[in-house]
Amino acid sequence: MTDEQTAVSDREAPTDAPAPELHGCPLTVSHTQDVLHVTRERLREVVKALGKDGYIQCLDSAGVDYLGYGADRGLPPGVEAQRFEVVVTLMNHEARKRIRLRVQIPESDPTCPSLSTIHPGTEAMERETFDMFGIAFDDHPDMTRVLMPEDWEGHPLRKDYSIGRVPVQFKGAPVRDVRQ
Amino acid sequence: MTTVSPSTHGTDRRVSQLTEEGAQGLLPRDLTSGVEALREFGSVMRLSEADAAVLADREPGQDDTTVLNIGPQHPSTHGVLRLMVELDGERVLRVKPVVGYLHTGMEKTGEELTYVQGAANVTRMDYLSPLFNELTYAMAAERLLDIELPERAVWIRMLLCEVNRLVSHATFNGTNGMDMAAVSMMLYGFRDREMCLRFLEGVTGVRMNHNFIRVGGTAADLPDGWKRQVIDICDEFDRRLDEYDILLTNQPIWQERLQGVGVITTEEALALGATGPILRSTGYAWDLRKDMPYLAYDEVDFDVVVGQYGDCFDRYAVRLNEMRESVRILRQIVDRMPGGDYRVQDSKVTPPPRARIDESMEALIHHFKLFTGGIEVPAGEAYAAVESPRGELGCYMVSDGTGKPWRMRWRPPSFIHLQCLPHMMHLGTMADAVAVISSVDPILGEVDR
C-alpha cells in the first residue's frame, strides 16, 4: 500500500482503531468471510507470505467483470475500483479458514501476475479467466484458451459480450433443399 | 489425522540444508516441495492446435516421440475428454488434457436466470451429483440473503446429498470396473445407482437434474414411507459393499492392476489444488463435512476415509469406504429427522402455497414478484463450498441487488483434477492411463460447464 492510500484510510476512520490489515493490504469481512484487497503488483508477494501463514492451497482463481455494476462493491477506502477483478481463494487447512483475495484489474491494461509458479493448480483456472475475460496472466506457462475454440473471437463472460444467437452450422455440409 | 507441515510449502526447510558452500542442488526426495517436484518432472504437454498442425506435416526423425490422441469419443475418457499423449514406446512422457467440447456457457446463462430459475441450470453441471450443485447454489444465495433455514430443510438436504453421494460413487465403481475390464462390476454399479435413483425420483419427481434444493429450503417435503426406502437402501448397500470387497478389493488381479499405478503425493495434490478423494487417498485427512461443517454434518457421526499411497487402488478404496460412511450417516438421519417446515417462512424468498394465492392479494403479489423478478438478493459477494463426491465444489456469487446473480463462478473439482492427470500418468504405461483417468472420476459436464 502506498503512503497516499494509508493517508486516505487514516482520514476515513480517525476515531476508531486502525483499519484491519494483513501483510499491508486492507482486510474486510464479507458475510463472515475474510477478504483481502491486494494490488496486482503485490499479489505474488502476498500469496507467498500467506503461504507461510498456512494458506498452503489455492482453491480458486476467477475473474469478475463489473462493467455497469450498479451497487456498492464493498471495497475499503483507498482501493480504487476497476472494471475487472481477479478473485483468488486460498485455504488454510490447519486453521480451517479460507481467505479471498480481490485484485483490481484496469480495463486499459488487463494483465495480472500468474500464480502458477507458486500454486501450479491455478494454471487451468487462469487459462479459463483468460478465455472468458481476456485477462492475460504474466509468466503463465500456457496462456491459451481452454474452454472456447482456439480461434474464437471475444471473451464470453465480459458484460459487453452479448449472448446473441448463432445459427447451427455444419462445416462443409452440402446445402439441400428440404422440399425435395 | 495426518497433516503436512505448512513449511514444506515454502522454502523454510531448505534453510536448514544450507552449508558453507550454499544451498545444495539435490535434496532428499521427501524434502522436495510439491511445486518443485511438479516442475522437475515436466509432465504437462503444452502444444496448441496450430503448432500441432505444423508438426504433423514434418517428416518424422529418428528420435521423435509419438503423440497419440485419445478421445474425445473414446469410451474410457468418461465423456468428451480428449488427451494428447506423448509416448516413448509404451511409456507416457507428457500429457495434455484438451477440454471444452461440452462447453455451453452455463456461467453466462446463470447471469440471465433469476435465483428461482437458477437451480434448474446449475443442476446440469455435474450430472452425477446434481443435488450438490443445487445445494452449493442455494447456499451461496442464502449466505448473501443472511437467512437461517429451518432444521428440517437442512436435514432433508443432507439426506438427499448423501443418497446422491451413493449414486455418484456407485457409478464410479461401475465405470471404474468397466475400464479395468471387470464388466460384472459395471452392471452391479449401475444396479446400485438405479436403486438410489428410484428413491430420488420418488422424492423429487425426476431421476436426474432434480431441481429440488431451492434457495430457502427444498421444493417439497419428503413423501410418505421415505424412511422405509432409505433403510432398504442402507441394508442393500451394507450387503453389497461386502460383496464388492470379495469381487474387487481382495482380488489379486484387481490389486495388481491398480496398486502403485498413478501415484500422487500429498504435496503434489495440494499444489495442484486437488481435493476430495484424490487428496484423501494420499493420506491427508481433509473433508469439508468434518473440517468445516456445513448443513448439520457436525451433528452426525462419521469418519473421514483416507488412503496411504495415493495410487489408483487407494482412490478406489477411499470411494468404496466413503459409501459405507454415507450409509452410516443415512441411518442417523433416518433416526433423527426433525419435524417442522421444509422451507423458510419468508415471503420474499419462498413462494406462497397455491391455495393462498386465491385468498390473499398479498400472496398473489409475492408470487408474481418472485416468479417474474426473482428473489431480490442484497448486493455483495460470497463463496459457498460443499464436499461433493469429487471434492470441494464451490460457488462464488456476486449480487448487485437484483433478482439475478451478477456473476456466478463455479469451482468445479473435476476441472481442477484434470490437471493431476499428466502427473499421475507420467512414466506409466499407456494401459495404465485408462486406470488413471477412471480413478480421477472426472465429470465432463462439470469440467466444461
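Predicted model: local features only at pLDDT ≥ 70, side-chain atom pairs only at ≥ 80, totals over all residues.
Me: What makes A:Lys159 and B:Glu111 a salt bridge?
Reply: The closest N and O atoms of A:Lys159 and B:Glu111 are 3.0 Å apart. The rule asks for a side-chain nitrogen of Lys or Arg within 4 Å of a carboxyl oxygen of Asp or Glu, so the pair qualifies. Between chain B and chain A the count is eight salt bridges.

Me: Which element gives the largest share of the side of chain B that touches chain A?
Reply: Strand 6 (residues 380-388) of chain B does, with five residues. That side of chain B divides into 27 nonpolar, ten polar and 19 charged residues.

Me: How many residues of chain B are in contact with chain A, and how is that decided?
Reply: Contact means heavy atoms within 4.5 Å; by that test, 56 residues of chain B are in contact with 55 residues of chain A.

Me: What area do chain B and chain A bury between them?
Reply: The figure is about 4800 Å², with 56% of it on carbon and sulfur atoms. In chain B, the residues that lose the most area to chain A are B:Lys108, B:Glu381 and B:Trp406, together 15% of what that side buries.

Note on methods: Residues numbered from 1 in each chain as written. Chains lettered and ligands numbered in written order. Heavy atoms only, no water. Buried area = accessible area lost by both parts, 1.4 Å probe. Helix = DSSP H or I, 4+ residues; strand = E, 2+ residues; numbered from the N terminus. Nonpolar A, V, L, I, M, F, W, Y, C, P; charged D, E, K, R; others polar.
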